[in-house]
Structures are given as structure tokens and as C-alpha cells.
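My entries follow in the order in which I looked things up.

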Amino acid sequence: MTKKRRKPAPPPAEIDLHTHSSASDGSLAPAELIDRAVSLKLRALALTDHDTTAGLAEAEARARLLGLEFIRGCEISARDEQNGSELHFLGLWLPQESPALEKLLAIQRGRRVERARAIVLKLQGLGIDVSFAEVSALAYAEAPQEAIQEAIQDAVQDAPQEATQNAGLEAVQDAPQHGPLHILGNASPAAVSIGRPHIAELLRRKGVVPTTAHAFQLYLRHGCPAYVPKLLPSPADAVGLLRQAGATVALAHPMLGGKHNEPAFMLWLEGLVASLVPLGLDALEAFHSEQGPSASNAALALAARHNLLACGGSDYHGAHKPGIELGRGRKNLRLPMSMLDALKARRKALGQSV
């Protein structure tokens, strides 16, 4: 009787180039994200929070301590005026300082605040007992210390003198122990990137919905009663600023939602990618937790037609996106170091540091 051959073990997951921490809408602090990556035996990780670099210093220090290769990154949203589609761009290997990029990120965080306020007003109009102060406090409570300190400094500088004369900076810095910063009032912490996941989590905690997924399904998604669209830069502006900062620029999850099967969508995407290559687009995120094999193949073919590289990542958010694991996605990712090596080689060929 012949023994059945065992299937070979899948290759190990080695890298993850798309992750989020509590500096934006992830549930893990930047250092905790690094700890998890090390526990899963990843060899390299990029932190790509939405519209903020506030978590990078903490994550980078922890990665250096634990011997994990770390790539400084962020994720920027944009909107195409032709068909209104929202697009996301990853910037990898961000420099320590980039005034132009930080200005855009600050503008985007401000727009996120205004969007969150508008969503809260819609929820209140539906008879739901929530406030923006609660959303801001939740985002603030999860934020890394770097973002908190920046928020404090900005708040002290912007607040009227009489509001700070008697409080003192030390008292303000102690405020997190006693709840949201009183000096910030209803404003969002400056370096903290507020998103719909914070509102969804608040609705869950208040018993309005059983899970954050229900919050999106019932209130927060496009077409739902509390949905508010984002005010976003153009794809050209997003790509241009990231390239100007010296980043490697990737179009994130281009085939999300199975749209690669729609000829009209692919025709539009082909034209968009062609227009962005001269502006500095380097890669397409061909591998993603929510993109299946056919979507990945379509992305790889599109990348090849435009001499772009392929990259990938889990889009990990921790508890805010259940079922997605670092480096593994929904058990559909196994990204090798060779992918990272190819991105590095392209940077070196362009005279960029790695």
C-alpha cells in the first residue's frame, strides 16, 4: 500500500508592505505592530498609516531593537475626477523630513476631522447618541506618544493665551490620564488620523451595533444614511508629492472588488496608470488580502505592460479588520523577500537610498 504524498508546505511569509497602526485606524500601537511581525517571523515590514507619519519613529526604533527590516511609509487617498473613483497610494521609504508631503498630510487629516464631524451630525440626525468629542477621545486614546506630543504642542500654540496661562504644559500633558485633552476641546489631535473605524468602534462600544462591520454595513459605507464622501487630492498630485519626497510610489489594491472583470473599469485603469507612470508611479499592489488570484494576475499583467514592479501587503488593521493577519492576509499571502529586493534595485537604479 503506497503512502499518500504530503503536499509541500507553502513558502513562508517574509514581508508585508501595507500595514496600519493606531496612529491612523489600526488597533495596535506601532511598537506592538513590530512585535507581532517579529512573532510571525516576518523579515521586513512597512508601516503605511493613512495621512500620517506619526507612528514611524516608534515603529522604527522597535524594529531596529528587534532586528526587523523596517520601511517608512504612508498611505494617501486620492480621487479621479473622470469617474469619481477613490484611489489609494502607498509611499515607501519616506525620508525623515519632507515639508511638502507633511503639509499635504496635515491638510488630509484636517479633512478627515471635518468628515468625521459631518458623519457624527448625520448619526445624531438618526437619533443616535454620539458626539465628535467621543470620537476624538477614542482616536486620541489609541494614538502613539509621538502623535500625542505633537497634538499637545499644536494645541498649546493655537489656543488663546488665557486658556493656557493657568494650565501649564505639564498639566496639559497629564490630561490623557484623566480623559481627552481639555485644551483640545472638540478638535482632533493634530497628528492623529481620524477615520471611520474610530466611529464604528464607538458605535460598537455604545451598543448601537454588535460589531464594527455592522456599523459600516448599516451607517458608514457608501449609500448608507451616515456616509459622507471625502475631499481628496487628484491622483497626479498624490503621486507627484510622494515622488518629490523621494518615496517609491505604489497604487494600492487596484483590483479591489472584482472590478478587473469589468472591461470599462480596466480601460479606465489602463489609461490612469499610463498617465501616472511619467509622474513617478513605480509599482502596483498586485497582492492584497482582498484580491484573489485572478485579480492578482490582472494586476501583474497591467504592471508588466507599463514596466512597473509588483508589491503586496495585508492591509493589516488588527482588531479593526478581523480575519486579516500580518504577512498572511486572509491566508492568501506569502510575499517573498525577492519582491522587496526588486523594489530596492529600482530605487538604486534611480539614485534613491534604501
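This is a predicted model: local features need pLDDT of at least 70, side-chain atom pairs count only at pLDDT 80 or more; totals for chains, interfaces and linings use all residues.

I looked up what the buried residues of H10 pack against, and found strand S3 (69-79), strand S4 (86-92), helix H3 (99-125), strand S5 (248-251), helix H11 (263-276) and strand S6 (281-288).

I then listed those buried residues of H10 (residues 235-244): Pro235, Ala238, Val239, Leu241 and Leu242. They lie on the same side of H10, because they cover an arc of only 165° around the axis. Just after H10, I noted that Gly246 takes a positive phi of about 95°.

Next I turned to the largest nonpolar core, which has 50 residues. The members that touch the most other members are Leu45, Phe89, Leu242, Met255, Leu269 and Leu281. H11 gives this core its largest share, seven residues. I also recorded a second, separate core of 24 residues, with Phe132, Leu138, Val192 and Val228 among them.

Setting aside neighbours within four places in sequence, I found Leu45 in contact with residues including Asp16, Thr19, Leu33, Ile34, Ala37, Leu68 and Leu326.

Last, I examined the surface. Val38, Leu65 and Leu66 make a nonpolar patch of about 250 Å². Val38 belongs to helix H1 (residues 30-39). I asked why Val38 counts as partly exposed. Its relative accessible area is 32%, and partly exposed residues fall between the cut-offs of 20% for buried and 50% for exposed.

Definitions and conventions
Residues are numbered from 1 along each chain as its sequence is written. Side-chain values use heavy atoms; hydrogens and water are left out. Patches are made of residues with over 30% relative accessible area and no salt bridge: like charges are joined within 9 Å, nonpolar side chains (Val, Leu, Ile, Met, Phe, Trp, Tyr) within 5 Å. Accessible areas come from the Shrake-Rupley method with a 1.4 Å probe; for residues, only the protein chains shown count as cover. A salt bridge is a side-chain nitrogen of Lys or Arg within 4 Å of a carboxyl oxygen of Asp or Glu. Helices (H or I, at least four residues) and strands (E, at least two) are DSSP runs, numbered from the N terminus. Buried means under 20% relative accessible area, exposed over 50%, partly exposed in between (1.4 Å probe, protein chains only). The arc is that of the directions from the helix axis to the C-beta atoms. Contact means heavy atoms within 4.5 Å. A nonpolar core is a set of buried Ala, Val, Leu, Ile, Met, Phe, Trp, Tyr and Cys residues joined through side-chain atoms within 4.5 Å.
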